Amino acid sequence: MYLDFHTHGKLAKKLPFSQEYTHWLFGEARSAGLDALCLTEHFNTWGFAELYRYIASQSDREGDTLVFDGLPIFPGMETDIAEGGHILSVGPMEAILELNRRLEPYKAKGNFLPFAQLMDLFAEYPVFVGGAHPFRAGGHIPELPTDQLTRLDFLDMNGKDLAEDRERTQRLTTGLGKALGLPVVSGSDTHQAVQYGCVRTRFAESFNTVEALRRAVNGGAYEICISDNAARQVATAALLKRSLKEIHALGGDYVSVLLGKEPAWAAQYAPAVV
């Protein structure tokens with residue numbers, strides 16, 4: 001089973017949720033060879049609960065996954081910490097939604113929870129918790145006390161960072177994992193489908209519960225697969241994201257442009273049929 005541990009269901013945090021865009025993303029995930037993904041949407045994105053309500057309404061529940069058009073999705077979240085850095089959590093949808101509600105007072109920059117307090121909160125729920133892209137600029141996860149870092153369940157070897165400097169990312173992330181006794185898995189960190197598959201985690205068996213995911217990771221029954229085209233995929237995805245955001249900023253419909261559809265407003269200018 002090929003699994004991506006770090007993905008997003010929206011183009012950007014400060015854009016409205018789009019059903020069509022999310023449908024497109026998940027369809028492209030299957031086309032990129034993924035058998036499942038962890039949807040680790042930013043905890044302070046616009047429409048977090050709306051995104052999950054929609055996915056749930058279109059999915060069948062199998063274990064802890066939401067099966068959307070044949071693609072199993074492990075619900076999750078990416079949360080900022082006060083020290084600088086992001087923490088991933090994966091768990092049953094109800095746990096993720098409740099955690100997100102409880103984090104409501106801490107979603108604004110300057111008011112994020114410190115790592116230790118966030119981990120105390122996560123400890124109340126059946127979630128699998130990881131340190132996202134620990135060596136990305138602006139983050140300070142490796143500088144946190146060791147006795148706190150060992151509360152994590154895994155580290156994320158991130159596709160974006162691998163594309164920028166593969167040797168450094170592999171060396172530092174693997175080294176930190178060994179120093180802390182934590183497994184290292186991989187996630188693409190995509191907001192746009194082009195980035196899917198730049199890195200994947202391949203498991204010997206399939207599963208659909210968070211507990212089975214935890215056992216597989218802790219048992220080491222997996223390998224990280226990095227695409228030879230990872231740098232190009234990430235660069236192209238970044239260009240696509242900037243372009244689509246600019247279309248939105250100029251008042252255009254970036255989803256219609258992306259999917260090659262006529263925008264809804266164009267119907268009023270269509271010639272009348274006699």
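**Salt bridges and their surroundings**

Aspartate 153 and arginine 214 form a salt bridge, with 3.3 Å between the closest N and O atoms; the term denotes a side-chain nitrogen of Lys or Arg within 4 Å of a carboxyl oxygen of Asp or Glu. This pair links distant parts of the chain, 61 residues apart: aspartate 153 belongs to the loop between α5 and β8 (154-158), and arginine 214 to helix α8. Helices (H or I, at least four residues) and strands (E, at least two) are DSSP runs, numbered from the N terminus. Both aspartate 153 and arginine 214 are buried, where buried means under 20% relative accessible area, exposed over 50%, and partly exposed in between (1.4 Å probe, protein chains only).

The model is a predicted one, in which local features need pLDDT of at least 70 and side-chain atom pairs count only at pLDDT 80 or more, whereas totals for chains, interfaces and linings use all residues. Residues are numbered from 1 along each chain as its sequence is written, and side-chain values use heavy atoms, with hydrogens and water left out.

Helix α8 spans residues 210-218, and its buried residues are Val210, Ala212, Leu213, Arg214, Ala216 and Val217. Just after α8, glycine 220 adopts a positive phi of about 75°.

A second salt bridge joins arginine 136 to aspartate 189, at 3.1 Å between the closest N and O atoms. Here too distant parts of the chain are linked, 53 residues apart: arginine 136 is in the loop between β7 (128-132) and α5 (146-149), and aspartate 189 is in the loop between β9 (184-187) and β10 (199-203). With a relative accessibility of 8%, aspartate 189 counts as buried. The backbone of aspartate 189 has a positive phi of about 65°, although the residue is not a glycine. Most residues other than glycine have a negative phi. Aspartate 69, in the loop between β4 (65-68) and β5 (71-80), is likewise not a glycine and has a positive phi, of about 50°.

A further salt bridge brings together the side chains of arginine 61 and glutamate 94 (3.0 Å, N to O). Arginine 61 lies in strand β3 (residues 59-62) and glutamate 94 in helix α3 (residues 93-102), so the pair ties together parts that are 33 residues apart in sequence. Arginine 61 is partly exposed, at 39% relative accessible area, and glutamate 94 is partly exposed as well, at 44%.

Over the whole structure, the search finds ten salt bridges.
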